[in-house]
Amino acid sequence: MLTIDFLDETGQLGEQALEFVSKVLQHASEHEQTGQAELSVTFTDDDSIRVINRDYRGKDQPTDVISFSMEEAGEDEVAIIGETGPRMLGDIIISVERTKSQAADYGHSFERELGFLAVHGFLHLLGHDHLTEPDAKRMFAKQEEILASLGVTRDVYEAE
């Protein structure tokens, strides 16, 4: 079971969009067998994600999604062993502005792009990356497998 804490800083997403993202992430969690875990998802705008991208990645430009994994050990950090309770996966931050523009650019629905970005961020939390071509092929194939198994394809997604 995945516990998700949502924060919509934009005020643009309705209950249906949050339920959709929850459904997609729950499915991704089951697919990746994370067990009992927690994460947060924040929806923000291009200006805010640009600042985060600049401060944490050294890239002074907006991006679509950024993930901060709680399971990645940073320099001089010590792993905590023996802690009980759910896995604390980390934080996913998604730009709603970028989601809308990319959906239009790619010719699919806002929901499909939102689901794609949520799964993309989720896989980053689990340690997947796309810095090399083989890693990118594995990660993007896994994303598509997760989304396709839910019926979320590049075609326009119609909410149930």
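These legends describe close-up views of one predicted chain. The model is predicted, so local features need pLDDT of at least 70 and side-chain atom pairs count only at pLDDT 80 or more, while totals for chains, interfaces and linings use all residues. Residues are numbered from 1 along each chain as its sequence is written, and side-chain values use heavy atoms, with hydrogens and water left out.

**View 1. The whole chain.** The chain holds 5 helices and 4 strands. Helices (H or I, at least four residues) and strands (E, at least two) are DSSP runs, numbered from the N terminus. Along the sequence they follow the pattern β-α-β-α-β-β-α-α-α. Of the 160 residues, 40% count as buried. Buried means under 20% relative accessible area, exposed over 50%, and partly exposed in between (1.4 Å probe, protein chains only). The accessible surface comes to about 9100 Å², and 47% of that belongs to carbon and sulfur atoms. Areas come from the Shrake-Rupley method with a 1.4 Å probe; for residues, only the protein chains shown count as cover. Among contacts with a separation of 6 or more, 70% are between residues 24 or more positions apart. Contact means heavy atoms within 4.5 Å.

View 2. Strand 2 (residues 37-44) and strand 4 (residues 87-95) run in the parallel sense over 8 bridges. Two strands pair if DSSP finds at least two bridges between them. Phe 43 has Ile 94 of strand 4 as its bridge partner.

**View 3. Salt bridges.** The count comes to 7 salt bridges. A salt bridge is a side-chain nitrogen of Lys or Arg within 4 Å of a carboxyl oxygen of Asp or Glu. Arg 112 and Glu 144 meet at 2.9 Å, N to O. Arg 112 lies in helix 4 (residues 110-125) and Glu 144 in helix 5 (residues 133-149), so the pair ties together parts 32 residues apart in sequence. Arg 112 is buried at 1% relative accessible area; Glu 144 is partly exposed at 27%. Arg 138 and Asp 135 form a salt bridge, their closest N and O atoms 2.3 Å apart. Both lie in helix 5, 3 residues apart, about one turn of the helix. Arg 138 is exposed at 53%.

**View 4. Aromatic pairs.** The structure holds 3 aromatic pairs. Rings of Phe, Tyr and Trp (its six-membered ring) pair if their centres lie within 6.5 Å; planes under 30 degrees apart count as stacked, over 60 as edge-to-face and the rest as tilted. The rings of Phe 6 and Phe 43 have centres 6.1 Å apart and planes at 15°, so the pair is stacked. Phe 6 sits in strand 1 and Phe 43 in strand 2, 37 residues apart. Phe 43 is buried, with a relative accessible area of 0%. The rings of Tyr 56 and Phe 68 have centres 5.1 Å apart and planes at 70°, so that pair is edge-to-face.
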